[in-house]
Amino acid sequence: MRVALLANLKKNAPTWEGMSPDHWDDLDSEKTVESIMAALRSRDHEVTFLEGNIELVDSLRKLKLKPDICFNICEGHFGDAREAQAPAILEMMRIPYTGSKVLTLALALDKPMTKRVLAYHELPTPPFQVFERIGEPLDPSLQFPLFVKPSREGTGMGVSAESVVHDETQLRTQIQRVFDRYEQPALVERFIEGREITMGLVGNLVGPAARRMPEDENAPRIFKGLHIFPALEVDMGKYPIEEAGIYTNRIKTELAEDFHYLCPAPLPETLVEDLRWYTAAVFRVIGCLDVARVDFRLDMHDNNKPYILEVNPLPGLNPGYSDLCIEAAAAGWTYEGLINRILDEAIGRYGLETR
Ligand SMILES: Nc1ncnc2c1ncn2[C@@H]1O[C@H](COP(=O)(O)OP(=O)(O)OP(=O)(O)O)[C@@H](O)[C@H]1O
Ligand SMILES: [Mg+2]
């Protein structure tokens, strides 16, 4: 098939004076783009790379032949629904693409909105409050320590040891930092002290669309159609003490090539089963397609109770260090197998294979 790989390369991103040095940390490297292209070509697809920027409509039109499908990993540049922009263009042009659609990408980029949907479905996510102004009083039900992060960033942007705050002064300093640096509301959550787990999956649910989770704990758990990879635990003990046990921006960028993890994570089988179930449930209620990764923390003060931190419908696909690629490898998958499975899931959804 003719596949256009759409991504936002870090090296093509706009720059301006005074921009924060981590501003484009969630964009992709040439290494990732080249690896995905090679993986798709290994299955005889004809692949073209296009930068997912303002020129995308023109560059798609300029192609001699319209692509059959786009492999989309665009994170976007500007706006509070930036990950949804390239897919919105593709829908206007009626070109199929891999992965989640506009609404899900916009929703998942907004952590507070995602948490509201999770809470509606009684899925466990840390209690929280969103601050849009510095002086807003703290909800008395939230007790220190708390965790402060930007509402709409990834790759640990704005996440450091200082994100854990122990009093009003630290809280206000961190909220102000989020406003100044990221120009968006600050998400303040209960600090979940404990192990750091991430769960990746590919596939698509067969059967019921999102509806409220059954109240009956013994109701059947819906997994059909999903392939959930082994749990990955970030081995926090191996990182410098300054990172304070947090999966920080520094660990995800500067230290990314020297990633310390355990996969499969050494967890009791019943806990893994619950994590698998929560992962499938998040995928379902957020409306993900083809691929996703769900991040958790286990509360060490409450018998390792899992808390959902966020869902990533565009998980990193760097073959060397991205969590999803490591998880797939732990399950015996090759990188080519992973990338082409994502493509094939989309091809199947659009019914393209029969043409
Ligand atoms: N409520 C919390 N309690 C404890 N630690 C937290 C909390 N929220 C976030 N963290 C820490 O910060 C890290 C990054 O948070 P989160 O996953 O929300 O951000 P992200 O930048 O979107 O991540 P990604 O790189 O996966 O896109 C978590 O992996 C965890 O280590
Ligand atoms: Mg995360």
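1. Glu 122 counts as exposed because it has 11 C-beta neighbours inside 10 Å. Glu 122 sits in the loop between α5 (111-120) and β4; helices (H or I, at least four residues) and strands (E, at least two) are DSSP runs, numbered from the N terminus.

2. Before you go further: this is a predicted model, where local features need pLDDT of at least 70 and side-chain atom pairs count only at pLDDT 80 or more, while totals for chains, interfaces and linings use all residues. Residues are numbered from 1 along each chain as its sequence is written, and chains are lettered from A and ligands numbered from 1 in the order in which they are written.

3. Thr 155 also deserves a look: phi is near 55° here, positive in a residue other than glycine. You'll find Thr 155 in the loop between β5 and β6 (164-165). Thr 155 counts as partly exposed, since it has 18 C-beta neighbours inside 10 Å.

4. Now the backbone around Pro 145. The peptide bond from Phe 144 to Pro 145 is cis, omega being near 0°. Pro 145 belongs to the loop between β4 (128-131) and β5 (146-150).

5. Check Pro 264 too. The bond joining Cys 263 to Pro 264 is a cis peptide bond, with omega near 0°, and Pro 264 is in the loop between β11 (261-262) and α8 (269-286).

6. Why flag these spots? Because most residues other than glycine have a negative phi, and most peptide bonds are trans.

Definitions and conventions. Buried ≥ 20, exposed ≤ 12 C-beta atoms within 10 Å, placed from the backbone.
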